[in-house]
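Please look over the sequence and the structure before reading on.

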Amino acid sequence: MAKEEKARAKKEQVRGKAKEAMGRMAGNERMTAEGKAEQKKGDARQAKEKGKDTFKH
C-alpha cells in the first residue's frame, strides 16, 4: 500500500510540473496555478508517507 501511495505522490508531482510548464508556455495563469496545486498535493502525500515510514521503524 505504501509503495502505491508513494508512486501516486510522485505521479502527482510530475503531472503538476508538466501542467505548470504548459500553463506558463501558453500564458494560462489558471493552468499554472492548477499545476502548482497538484505539485503541492503530491508533496503533502509524499510527506505523509515518509512520516509513516519513520514511525514504522
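Glu20 and Arg24 both belong to helix H1 and sit four residues apart, about one turn of the helix. Helices here are DSSP runs (H or I, at least four residues; strands are E, at least two), numbered from the N terminus. Their side chains form a salt bridge, 2.8 Å from N to O. A salt bridge requires a side-chain nitrogen of Lys or Arg within 4 Å of a carboxyl oxygen of Asp or Glu. Glu20 is buried, at 12% relative accessible area, whereas Arg24 is exposed at 54%. Buried stands for under 20% relative accessible area, exposed for over 50%, and partly exposed for values in between (1.4 Å probe, protein chains only). Leaving aside residues up to four places away in sequence, Glu20 touches Met31, Thr32, Gly35, Lys36 and Gln39; contact means heavy atoms within 4.5 Å.

The model is predicted: local features need pLDDT of at least 70, side-chain atom pairs count only at pLDDT 80 or more, and totals for chains, interfaces and linings use all residues. Residues are numbered from 1 along each chain as its sequence is written, and side-chain values use heavy atoms, with hydrogens and water left out.

**Overall form**

The protein chain has two helices and zero strands. Its C-alpha trace spans about 45 × 15 × 10 Å along the principal axes. The radius of gyration is 13 Å, while a compact globule of 57 residues would have one near 10 Å; this radius is taken over C-alpha atoms, and the globule rule is 2.2 Å times the number of residues to the power 0.38. Of the 57 residues, 26% are buried. Among contacts between residues at least 6 apart in sequence, 50% join residues at least 24 apart.

**Helix H2**

Helix H2 covers residues 29-56; at 1.5 Å a residue its 28 residues should span 40 Å, and its end C-alpha atoms are 41 Å apart, which agrees. The expected span is 1.5 Å times one less than the number of residues. At the start of H2, a side-chain oxygen of Asn28 comes within 3.1 Å of the backbone nitrogen of Arg30. The buried residues of H2 are Thr32, Gly35, Glu38, Gln39, Gly42, Arg45, Glu49 and Asp53, and H1 is included in what covers them.

**Salt bridges**

The count comes to ten salt bridges. Three of them are tabulated here.

| Pair | N to O distance |
|---|---|
| Arg45 and Glu5 | 3.1 Å |
| Glu20 and Arg24 | 2.8 Å |
| Arg30 and Glu34 | 3.3 Å |

The bridge of Arg45 with Glu5, 3.1 Å between the closest N and O atoms, links distant parts of the chain: Arg45 is in helix H2, Glu5 in helix H1, and they are 40 residues apart. Arg45 is buried at 15% relative accessible area, and Glu5 is buried at 14%. Both residues also belong to a network of salt bridges that links Glu5, Arg8, Glu12, Lys41 and Arg45.

Arg30 and Glu34 are four residues apart in helix H2, so about one helical turn separates them. Arg30 is exposed at 63%, and Glu34 is partly exposed at 31%.

**Lys3**

Lys3 lies in helix H1, residues 2-26, and is exposed at 73% relative accessibility. The C-alpha atoms of Lys3 and Glu49 are 8.9 Å apart, although 46 residues separate them along the chain.

Notes
A polar contact is a pair of N or O atoms within 3.5 Å; within protein, one must be able to donate a hydrogen and the other to accept it, and residues adjacent in sequence count only if both atoms are side-chain atoms.
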